[in-house]
Structures are given as C-alpha cells and as structure tokens.
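Subject: Structure for you to look at, with notes

Dear colleague,

I am handing over the structure below, and my notes follow it. Please read them with the model open beside you.

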Amino acid sequence: MKRRPLLKTTLAASALLFSGLFPFSAAHAADTIKVGILHSLSGTMAISETSLKDMALMTIDEINAKGGINGKKLEPVVVDPASNWPLFAEKARQLLTQDKVAVVFGCWTSVSRKSVLPVFEELNGMLFYPVQYEGEEMSPNVFYTGAAPNQQAIPAVEYLMSEDGGAAKRFFLLGTDYVYPRTTNKILRAFLHSKGVDDKNIEEVYTPFGHSDYQTIVANIKKFSAGGKTAVVSTINGDSNVPFYKELANQGLKATDVPVVAFSVGEEELRGIDTAPLVGHLAAWNYFQSVENPVNEKFVSDWKAYAKAHNLPNAATAVTNDPMEATYVGIHMWAQAVEKAKSTDVDKVRDALADQRFQAPSGYTLTMDKTNHHLHKPVMIGEIQDDGQFSVVWQTEGPIRAQPWSPYITGNDKKPEHPVKGTF
C-alpha cells in the first residue's frame with residue numbers, strides 16, 4: 001500500500017527530468033558558457049565597433065582552442081544595437097534575461113555605456129568596457145579596460161605644452177556632442193586653467209554624430225591659430241573622423257602648423273583615409289600596433305590570420321588598435337577570474353578579478369585595480385605615418401593607476417574609492 005505512492009512520485013520526477021522541466025536539468029545540461037557581445041555593427045559607430053566584435057570572437061576562439069574555461073567552451077551571443085543609444089539598454093537586458101549570458105563585452109561611446117549601466121546594476125550583470133572615457137564614474141558591475149582621463153587626455157595635453165610637443169599656448173577643443181567629449185573637455189579646461197591658460201586661449205566646438213561638413217570648422221581653426229601656437233584636441237567619434245581629416249588635408253593644415261591630437265582615432269579609423277597629408281598629427285592611446293615586443297608580434301599575426309580566414313572586410317589590410325587590445329585583455333582577464341573562482345557567478349568573479357594580471361600586447365603587465373575596477377595602463381603618444389600606422393614619440397615608463405574621479409573637478413576628493421551601486 002505504501003510503495004505505490006512512492007513509485008508514482010519517482011516516476012513523476014523522472015518524467016520531469018527527461019522532459020526538461022525538472023529545475024536542475026538546465027544547469028546540468030549547460031555545457032557552454034554564454035558571453036554577450038554588445039557592439040554597433042551598423043550606424044555611425046560601426047566604423048569603430050565592428051572590429052571589436054571580431055576581436056572578441058577571435059579571443060573566444062583562442063580560449064576555446066585551449067579547452068575553454070573550467071572544462072566548458074565559450075558560446076558568443078552577438079547583438080547589434082545599431083548606434084542607437086536606447087537600443088543598447090534593450091539589447092543588454094535581452095542578453096542578461098533571455099540569453100542568460102555570464103558577462104557582456106561591449107559599448108564604445110559613453111552615452112551607450114550610460115544607457116546600459118542601470119540594467120547591469122539592476123540585474124547584477126557584468127560589463128567589460130574597452131574604450132577610453134571621461135571618468136566620473138564607477139560601478140560594481142563594470143570593469144573599465146580603456147583609459148581614464150589621467151591615462152590619456154591629461155598626459156596628451158601636457159605633451160602638447162612641452163617643447164617636444166610644440167609648446168602649444170592655445171587649444172582648440174573639438175568633439176562630438178555627447179557626454180564623453182564634453183566631460184573630457186571640462187576636465188581639460190580646468191587642467192589648462194591650473195597651468196595658467198586663460199579662457200580666451202581655449203576654443204570649444206561640438207558637432208553631432210555623423211557630421212560630415214568640417215570646412216568652416218577647419219577654417220576657424222586656422223583663424224584661431226593666428227593668435228599663437230595652437231594645438232587641436234579632437235574627441236570626434238565614429239565616421240565623422242574621415243571627413244574631418246580629409247578637410248585638414250584639403251585646407252593644407254599640417255601638423256607642423258597646428259598639430260591635432262586625437263583620443264578616438266586609431267589604426268582602424270585611418271584605413272579609409274589618405275594619410276600622407278596627415279603625417280605628424282598625433283593620437284594618444286595605451287597601445288599601438290607598431291609597438292615592438294614578442295607578445296604584440298603574435299597578437300598582430302593572429303589577428304591578420306583570423307581576418308583572412310574569416311573573410312573579414314578589408315582582411316588584406318587588417319590592423320589592430322587600442323580598443324581591440326583592451327577587448328582582448330578584458331576577455332582573458334575575465335577568463336582567468338572565472339578559472340580562479342571556479343564559477344561564473346558575478347559576485348565570485350568580481351572578487352576574483354581583484355589584482356588580476358595579464359601580459360598585454362602593449363608590452364606591459366596590466367593589473368586590474370581591486371579598488372576602482374580600472375586597469376593600470378601605460379600612456380603612449382604616436383605620430384601618424386604615411387602607411388596609416390603610428391610612430392610612438394613619447395610614453396610613460398610603466399603603467400599608471402587610473403583616477404576615475406578627476407582631481408580637476410571640484411568635489412571629487414569626496415567621491416568613494418570603491419565602486420558602489422548608483423555612483424555613475
């Protein structure tokens with residue numbers, strides 16, 4: 001009499017198990033780790049972000065070829081937010097709630113990052129952000145593998161003010177009209193004030209995403225430069241860089257007259273431009289393809305082989321750049337942390353990421369800061385060459401610790417050292 005109810009219960013549990021409805025069956029069946037890739041593959045930012053998607057896929061293949069992580073292969077889930085900032089938030093929610101990814105690698109613009117931040121904090125997801133940005137932000141759910149202002153913008157302007165950089169006295173701050181350029185230039189204006197540069201010697205101009213007519217702006221740069229030794233600090237993002245640099249060449253504005261230092265132009269953006277007239281203009285990054293060391297040799301070689309094998313557009317002229325390196329480093333650091341934690345649980349991986357180290361293609365061993373979730377990074381300034389590459393003309397001796405809260409913004413000395421929810 002007692003065995004029949006027990007038998008029924010056992011049979012019912014077995015049926016649930018094999019039908020896939022038993023609560024533990026999904027976890028038991030999960031033989032891959034899903035990772036999200038959140039980059040614009042269309043729209044104005046596709047020129048910059050598509051290569052980051054491809055680099056993420058190459059890195060995932062590299063990890064899988066070595067057996068994956070803790071015996072499981074990585075399964076990429078790629079989505080296209082199409083340079084549409086609200087769509088970034090929708091796609092992030094989709095990746096976390098529907099696709100059930102363990103981590104997301106993505107975003108380029110700060111407006112896209114700020115769009116997704118509330119989603120990652122609400123759902124306790126993990127985002128690796130691979131691009132230089134304006135700082136003024138920390139979150140327990142974001143790991144920043146690009147540069148903070150003290151790892152790019154401030155050293156670049158210091159270089160422009162030095163004798164080696166041309167001893168500039170006047171500064172034309174030109175950017176795309178959104179949070180990253182405006183906040184970066186707010187920091188730079190305060191920094192320039194601290195160096196004795198008056199507002200009359202600082203010009204600030206913004207253009208919308210996708211802007212293509214720079215004729216008047218470049219003419220105004222030439223007029224402004226008549227007042228003294230001038231440099232342009234460019235925070236133009238996306239495909240607008242192509243018409244801007246073409247207009248510099250059209251009007252004959254050479255680096256020997258008015259040097260331009262760019263924070264969002266690298267090897268990838270220069271592929272569509274005749275760089276011969278732009279020789280000598282500058283970019284400030286934490287990595288250039290041209291740096292010479294064995295790790296970078298392999299990194300560049302692997303990327304070119306991957307581009308060719310996968311028939312990527314312009315595979316014959318495939319190049320690496322700083323955000324691609326930051327993507328590569330970020331994925332490997334996350335993988336190391338998952339192996340250490342023996343879990344993809346966000347809280348456990350977050351703890352395991354503290355002080356993670358990785359030998360980067362830049363030639364430096366980079367460390368993830370356990371306090372502020374930013375990488376310690378070197379700073380490099382490169383001159384454009386006629387082959388579209390950069391010759392490094394200045395660099396720091398070693399990696400620099402990031403300052404997410406700029407000391408040039410009033411009140412930042414009271415901001416938290418540790419990332420807490422809602423600090424963005």
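H3 passes H12 in a right-handed crossing (a crossing is right-handed if the near helix is turned clockwise from the far one by less than a right angle, and left-handed if anticlockwise; helices, H or I of at least four residues, and strands, E of at least two, are DSSP runs numbered from the N terminus). Please keep in mind that this is a predicted model, in which local features need pLDDT of at least 70 and side-chain atom pairs count only at pLDDT 80 or more, while totals for chains, interfaces and linings use all residues. Residues are numbered from 1 along each chain as its sequence is written, and side-chain values use heavy atoms, with hydrogens and water left out.

Helix H3 (residues 46-65) packs against H12 at about 35 degrees, with the axes 9 Å apart; axes are lines fitted to C-alpha atoms, for helices over the stretch in contact, and angles run from 0 to 180 degrees between N-to-C directions. Residues making the contact (heavy atoms within 4.5 Å) include Leu-52, Met-55 and Ile-63 of H3 and Tyr-328, Ile-331 and His-332 of H12.

The crossing of H6 past H7 is right-handed, and among the residues that make the contact are Ile-154 and Val-157 of H6 and Ile-187 and Phe-191 of H7.

Beyond its neighbours within four places in sequence, Leu-174 is in contact with residues including Val-205, Ile-221, Val-232 and Phe-244.

Glu-134 is found in the loop between strand E4 (127-129) and strand E5 (142-144), and with a relative accessible area of 2% it is buried (buried means under 20% relative accessible area, exposed over 50% and partly exposed in between, with a 1.4 Å probe and protein chains only). Its side chain makes polar contacts with the side chains of Ser-110 (2.5 Å) and Arg-113 (3.1 Å); a polar contact is a pair of N or O atoms within 3.5 Å, where within protein one must be able to donate a hydrogen and the other to accept it, and residues adjacent in sequence count only if both atoms are side-chain atoms.

Ala-167, in the loop between H6 and strand E6 (170-176), has a phi near 55 degrees, a positive value in a residue other than glycine, and counts as buried at 14% relative accessibility. His-373, in the loop between E12 and E13, has a positive phi of about 65 degrees although it is not a glycine, and counts as buried at 6% relative accessibility.
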